[in-house]
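Me: I am new to this structure and would like to learn how to read its features one at a time. Could you take me through them, giving the general idea before each case?

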Amino acid sequence: MQKKWIGVFSVLAAATLLIPAAPLFIPDRTPTAPKSSTLSVKHEHAQKLKTLNNDMEATSLLCTSECSKEFYKLMSASDGKGKTGKIDQLMDTHKHMSYISWLSGDRSVDRGTLPKTSDKLAERYVSEAKTHVKQGHKYVSKAFVGENGSRFIVLGVPDSKHQGIAVIGVIKQDIVTQVERHQKRNLRLVPYPAEGNYRIESVKPNSTTDTTVRTGEDNGNASHYHVRDVVVHFVDKPSDKQLNQIKSKINAHAVQQIGDTYVFRSKSMDAEKMMKYFRKSWKTEYVEPHYLYMTNEAAPNDALYSEYQWNLPSIKTELGWDISKGNDHVLVAVLDTGVQADHPDLKGKLSNGTNIVDSSAAPNDDVGHGTHVSGIIGATVNNGEGVAGLSWYNKVMPVKVLDSSGAGSAYSVAQGIIWATDHGAKVINMSLGNYAQADFLHDAVKYAYDHDVVLVAASGNDNTERPGYPAAYPEVFAVAATDAKKQRASFSNYGDYIDVAAPGDSIASTYPGSQYAALSGTSMATPHVAALAGLIRSVNPDLTNVEVMDIMRKSAEDLGDAGKDNYFGYGLIDIDTALKSASQYGTALQTYPLQVKKRLNAITQKYSK
């Protein structure tokens with residue numbers, strides 16, 4: 001089955017774009033009017049700017065804190081290497097450390113170079129740092145910009161046990177600029193993606209009615225599609241002769257296929273004209289635009305845990321770890337921008353993945369979003385390094401479906417879903433979405449769901465009630481975001497399709513360059529839920545995907561209006577309560593008949609083969 005799916009999917013690569021966020025068991029999704037007022041456009045913009053600034057400030061603090069701890073470790077190391085070797089090793093694994101000076105009285109060992117500035121700021125701050133550390137005080141300079149456009153700080157850390165010993169470093173903080181650029185798109189503060197990329201057009205959702213996206217706010221009422229692509233599912237598969245006839249009629253540039261579904265790209269005909277042609281001239285199940293999807297992002301001794309990771313205690317993660325810390329046989333696939341495979345806090349936590357965007361390359365992260373999402377799920381716990389993930393042992397399967405712009409086609413996401421399912425993923429995290437339904441993406445979702453996979457997706461960051469996909473598909477578990485006060489994050493989408501909420505405001509996690517960043521978004525809330533699903537399937541592997549989702553809903557802490565509501569769904573996930581419920585699920589009287597039936601069915605299937 002794997003080869004069949006992947007073979008046909010590989011022909012569809014140019015398809016719909018996604019951006020980074022059994023019916024009997026699906027909760028009632030009858031539309032209900034929101035009971036609390038939404039933010040005005042001006043107020044919402046101000047709230048998002050505040051969130052952006054908080055993420056940038058938190059990322060800067062994360063960088064400073066992590067580098068300080070590395071300097072302390074450097075001074076206390078006793079591995080037999082000389083100072084020069086130790087500094088070189090540190091700078092080799094931390095490329096953002098541009099210059100390090102290890103002081104010992106009036107002597108120093110210096111490596112790297114000071115950044116050039118027009119007013120000699122680097123030299124001035126290094127001199128100030130030396131004065132402070134000689135007095136036993138830590139020093140952090142103001143941020144400054146070098147002639148090459150990079151942002152820097154100077155950091156001085158004294159040895160608390162040996163007077164006169166200290167390390168001074170010049171730290172490149174381009175990560176803060178990257179977070180600013182990333183979050184402006186992720187929080188839809190700027191139009192994203194820009195029209196013209198991917199040869200796309202912005203339209204009203206589920207239509208080809210043109211709309212212009214001038215501001216980030218406009219994204220909340222727009223979808224995006226390839227201007228000369230259409231997706232066609234034929235009632236009967238066309239013959240070679242018929243395909244040649246179609247190619248000639250639409251002046252085809254490329255044709256891709258999965259089963260009876262095709263993606264046609266024309267050299268000259270726009271999508272709307274092609275859709276009219278196929279609907280008039282051929283028997284079809286559906287004809288639709290080729291949409292785009294985008295990113296929506298004992299206590300452990302991990303260095304940044306106690307100070308920055310408010311999110312894990314808020315959902316009772318530590319209590320839950322007493323029941324289960326996960327199982328490395330339960331894989332959680334992350335469909336995203338890839339991952340930094342050699343990040344020190346993800347060492348040993350990744351399974352084999354794939355790159356759907358470029359099959360000849362490894363699923364490396366060229367954006368940052370996927371590495372951040374992966375760290376929320378599986379950053380190594382209790383290693384004294386960086387942050388702690390929700391799971392100690394579940395492995396993350398990186399599936400790169402979004403390219404360097406943070407966007408990807410419906411084809412790439414659909415293929416990623418099928419690949420992950422066929423390669424053993426029990427949970428799939430999708431921190432991405434769009435406001436248009438794509439039937440052939442839905443087909444892939446149903447394929448995974450029918451193969452007992454728990455699919456979890458972000459609702460989106462536009463503060464809108466408009467359903468986002470794939471989150472709003474009935475087979476997918478939809479996630480909204482909360483802040484540290486257990487209130488709805490100001491950017492979080494809402495609606496009757498929301499299942500639960502999870503922390504999504506200034507979440508600290510891993511980031512490319514072996515660094516750490518704080519990001520906000522339903523993209524960050526979603527991996528909390530995916531990790532919980534992985535923990536549940538670890539503590540009770542016999543549970544079906546439907547039962548896992550049911551446990552996560554019923555165990556949630558009710559927030560907002562009593563019962564299920566549009567803003568929090570069933571409430572904020574509760575790791576401890578969910579794992580207790582999962583561990584007792586098969587022994588409860590009300591579920592015992594179902595468990596017996598499942599085991600009888602399993603025995604019947606085994607001996608009927």
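Reply: Let us begin with exposure, where a residue is called buried under 20% relative accessible area, exposed over 50%, and partly exposed in between. Please keep in mind throughout that this is a predicted model.

Me: Is K120 buried or exposed by that scale?

Reply: K120 has a relative accessible area of 54%, so it counts as exposed, and its place is in the loop between β2 (107-112) and α4 (121-134).

Me: What should I look for in the backbone of such loops?

Reply: Most residues other than glycine have a negative phi, and most peptide bonds are trans. D452, which is not a glycine either, has a positive phi of about 70 degrees; it lies in the loop between α13 (439-450) and β19 and, at 23% relative accessibility, is partly exposed.

Me: Which residues does a cis peptide bond join?

Reply: The cis bond joins Y469 and P470, with omega at about 15 degrees, and P470 sits in the loop between β19 (454-458) and β20 (476-482).

Me: What about the nonpolar core?

Reply: In soluble globular proteins, nonpolar side chains tend to be buried together. Here the largest nonpolar core has 111 residues, and L335, I417, I428, L455, I536 and M552 touch the most other members. Helix α14 (residues 522-539) gives the largest share of this core, nine residues. Beyond its neighbours within four places in sequence, L455 is in contact with residues including I417, I428, Y449 and F477.

Me: Which residues does UniProt list for "active site"?

Reply: The unreviewed UniProt entry lists D336, H369 and S523 under that heading. Although they span 188 residues in sequence, no two of their C-alpha atoms are more than 10.0 Å apart, so they gather at one spot. D336 is in strand β13 (residues 331-336) and S523 is in helix α14. D336 is buried at 0% relative accessible area, S523 is likewise buried at 0%, and a polar contact of 3.0 Å joins the side chains of S523 and H369.

Terms used. Residues numbered from 1 in each chain as written. Predicted model: local features only at pLDDT ≥ 70, side-chain atom pairs only at ≥ 80, totals over all residues. Heavy atoms only, no water. Core = buried A, V, L, I, M, F, W, Y, C linked by side-chain atoms within 4.5 Å. Buried < 20%, exposed > 50% of the residue type's maximum accessible area, 1.4 Å probe, protein only. Helix = DSSP H or I, 4+ residues; strand = E, 2+ residues; numbered from the N terminus. Contact = heavy atoms within 4.5 Å. UniProt positions renumbered as here; feature names shortened; annotations may be inferred. Polar contact = N/O pair within 3.5 Å; in protein donor to acceptor, adjacent residues only side chain to side chain.
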